[in-house]
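I opened the notebook to record what I looked up in this structure. The entries follow the order in which I went through it.

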Amino acid sequence: MGLDIRIPLGLIFLIIGGIMSIYGIVTRNAADIYQKSMGINLNLTWGLLMFIFGLIMYLIGKRQKWQDDPVNPRPWEKGDRPRH
Amino acid sequence: MNLSIIDWLIMLVYFVFVLGIGFALKRYMRTSNDFFLAGRSIPAWVCGLAFISANLGAQEVIGMGASGAKYGIITSQFYWIGAIPAMVFVGIFMMPFYYGSKARSVPEFLRLRFDEKTRAVNAFSFAIMTVLSSGISMYAMALLIQTLGLFHGLMPESWIFHVSIILSALIVLGYIFLGGLTSAIYNEVLQFFLIVAGFAPLVWIGLRNVGGWQGIKQTLPSTMTHSWRGMAHASTNTLGVEWVGLAMGLGFVLSFGYWCTDFLVIQRAMAADSEISARRVPLIAAIPKMFFPFLVILPGLIAVSVTSHMMPKTPAVTLTAAQYAALPLSEQHPHGIIPLKTDPLNGQPVLDGKGNPVYNYDLAIPVMLLHFFPTGILGLGLTALLASFMSGMAGNVTAFNTVWTYDIYQSYINKRGTDEHYLWMGRMATIGGILLSVGAAYAVTNFNNIMDALQLVFSIVNAPLFATFLLGMFWKRTTGHGAFTGLISGTLAALAHHGLTIPGDAAAGIHGGWITIVHHYPSDMAQNFWTAIFAFSTNLVVTIIISLVTTPRPESELVGLVYSLTPKPVEHHLSWYQKPVTLALAVLAMLIALNLVFA
């Protein structure tokens, strides 16, 4: 397929991680919110981790050319290939 | 429960992506092959993640969390004895036949190997089963949304259940209708990562709260923190199963029956770009799969370990803090933060036969999310939960539309349609499958634990099936008549066994004993496992006997379908570490280590 899954995967983690990090920065002094998570700012820490993961996935997805061009015949259309 | 705008925003981003992937893939759906088989062009790791994600529906996340809270770490047997060995087996031994035979579905493989009638039995029973599973996922999701009060204040209470069903149906319909199997697989990969991202911090913060694994061990009875202790006898472990029933029923018959023959998962491996990739798919899937108990079972254990004196701080889901405080913390059945089960009609707590309150273990994971997650990451946790329901539904719907179109419509209704016509039929089948799921969702209301319901369906439909495949692939003498008769007798044996036995003190009816009661099992789990064992054995014996008295097919027709007549896959060009066998051995080594650590 012409779409590398790592691009949408990277993007969704960039966006969700980004939203969480920003919200985490804004609420870093609001102790009452983080009482539930035992005083740990989960939004900031986990949001940043997700953001970094998304960035890595997105960059790899951009670099790699998807081998299977949708215009060319698919592996199963090429007739009888030697079996693996 | 009041969600903030941030939580809604995160959930919205997810739904935009889900549908966006469908739209992005729409232009690649040119032939029925693209729609049903993803053009056989997906890399192994993508298929591998989809392979476990398709199975990661409601029964997995809600059911496993519930069982973790109810039975303890012993639930991980479903993974460590159940799923993983079967996944290794299907990758190493069975995938060459599925992929190499060029069959487009598992029922079609049965037609190639046996005959038309065997295929028909499998195609129809499978189609019904997928619709049921998808309906259960949908029902569980709507019920959860209603119980959590996710839409509270946005619409009248009585609408919430129906709106949830319609919304989830429309979203799943949208992305499968547009992008077919590829769209389902891509979304399953997305869902896989979101589920990990949503549950990993939950487990981490939960473990910190209860003092780590050591803290759980001190709080809970030892039967709940050891996966093998007390397995010698059914009365000394929480599952109520002795090790023979567990190893044979769950480990061999049910798990192999599911992971090796269920088209829902096999379809993901069939979409791989080569036979070697297809063989790697279940093996790659096995690695994250074996660590999933830490994501889905451990939250259940943490939920019952959190002591109830912490309760006043948390907003209760269905109960007030005062009601919690009134409940004694039982030593034998700790309930932690698990809420009481309430009747959805009148809001009163449900009582069992002896007048004791019943705990709603299905809420173990949702209640953990609400307990530990602040605004923001709560949106992520809920997204993960919704993602798991979506993937459970979508996996069933894609399997249904393929089996319907290729194995029922093309085989019995319209044999000479154009490819475009079958592509159109696939889209229509997607709509039909979703509508049937909605019907099933409304029909499913009678079970306390979703897991038990699915195990029942599996043990009747899936359990006898593995004997057919095992004999078909590894014994060239097996005939079509033998396979067909065996399959029917196996299913009948499962039904008869279920009708003749009953677990514990359950009332005769849906739980068994509807013919007459000849045997009592200690638990419904034990009954399910033994139903599977009886079904499998009956099928095995009947298939062998009938095969021996009927004429086998000539050996030349069975090349590529039977182990002894098929050339072994050529792997000379692969280094030792690239071979599927090496990966399989590594998986098994990790599996043994895990079993030893939590023995």
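**Entry 1: the interface.** I began with the two chains and noted that the model is predicted. I found 36 residues of chain A in contact with 55 residues of chain B. Together, chain A and chain B bury about 4100 Å² between them, and carbon and sulfur atoms carry 75% of that area. I then looked for salt bridges across the interface of chain A and chain B, and the count was 0.

**Entry 2: chain B as a whole.** I counted 21 helices and 2 strands in chain B. The chain has 599 residues, and 63% of them are buried. I looked up its contacts with a separation of 6 or more, and 80% of these are between residues 24 or more positions apart. Chain B exposes about 20700 Å², with 67% supplied by carbon and sulfur atoms.

**Entry 3: aromatic rings.** A pair of aromatic rings is described by the distance of the centres and the angle of the planes. I got 34 aromatic pairs over all chains. I looked up the pair of A:Phe53 and B:Phe193, with centres 5.3 Å apart and planes at 40°. A:Phe53 is partly exposed at 25% relative accessible area, whereas B:Phe193 is buried at 15%. I also noted an aromatic cluster in chain B, with B:Phe89, B:Phe252 and B:Tyr563 among its members.

**Entry 4: charges over rings.** I found the charged end of B:Arg104 over the ring of B:Tyr406, 3.6 Å from the ring centre. B:Arg40 lies over the face of B:Tyr99, at 5.0 Å from the ring centre.

Entry 5: Most residues other than glycine have a negative phi. I asked myself where B:Arg40 lies in chain B. I found B:Arg40 in the loop between helix H2 (32-37) and helix H3 (44-53). Its phi is near 45°, a positive value. B:Arg40 has 9% relative accessibility and counts as buried.

I then looked up B:Lys102, which is not a glycine but has a positive phi of about 60°. B:Lys102 is in the loop between helix H5 (77-100) and helix H6 (106-113) of chain B. Is B:Lys102 buried or exposed? B:Lys102 counts as exposed, because its relative accessibility is 51% and the cut-off for exposed is over 50%.

Terms used
Residues are numbered from 1 along each chain as its sequence is written. Chains are lettered from A and ligands numbered from 1 in the order in which they are written. This is a predicted model: local features need pLDDT of at least 70, side-chain atom pairs count only at pLDDT 80 or more; totals for chains, interfaces and linings use all residues. Side-chain values use heavy atoms; hydrogens and water are left out. Rings of Phe, Tyr and Trp (its six-membered ring) pair if their centres lie within 6.5 Å; planes under 30 degrees apart count as stacked, over 60 as edge-to-face and the rest as tilted. Buried means under 20% relative accessible area, exposed over 50%, partly exposed in between (1.4 Å probe, protein chains only). A charge sits over a ring if NZ of Lys or CZ of Arg is within 6 Å of the ring centre and within 35 degrees of the ring normal. Helices (H or I, at least four residues) and strands (E, at least two) are DSSP runs, numbered from the N terminus. Contact means heavy atoms within 4.5 Å. Accessible areas come from the Shrake-Rupley method with a 1.4 Å probe; for residues, only the protein chains shown count as cover. Buried area is the accessible area (1.4 Å probe) that two parts lose on being put together, summed over both. A salt bridge is a side-chain nitrogen of Lys or Arg within 4 Å of a carboxyl oxygen of Asp or Glu.
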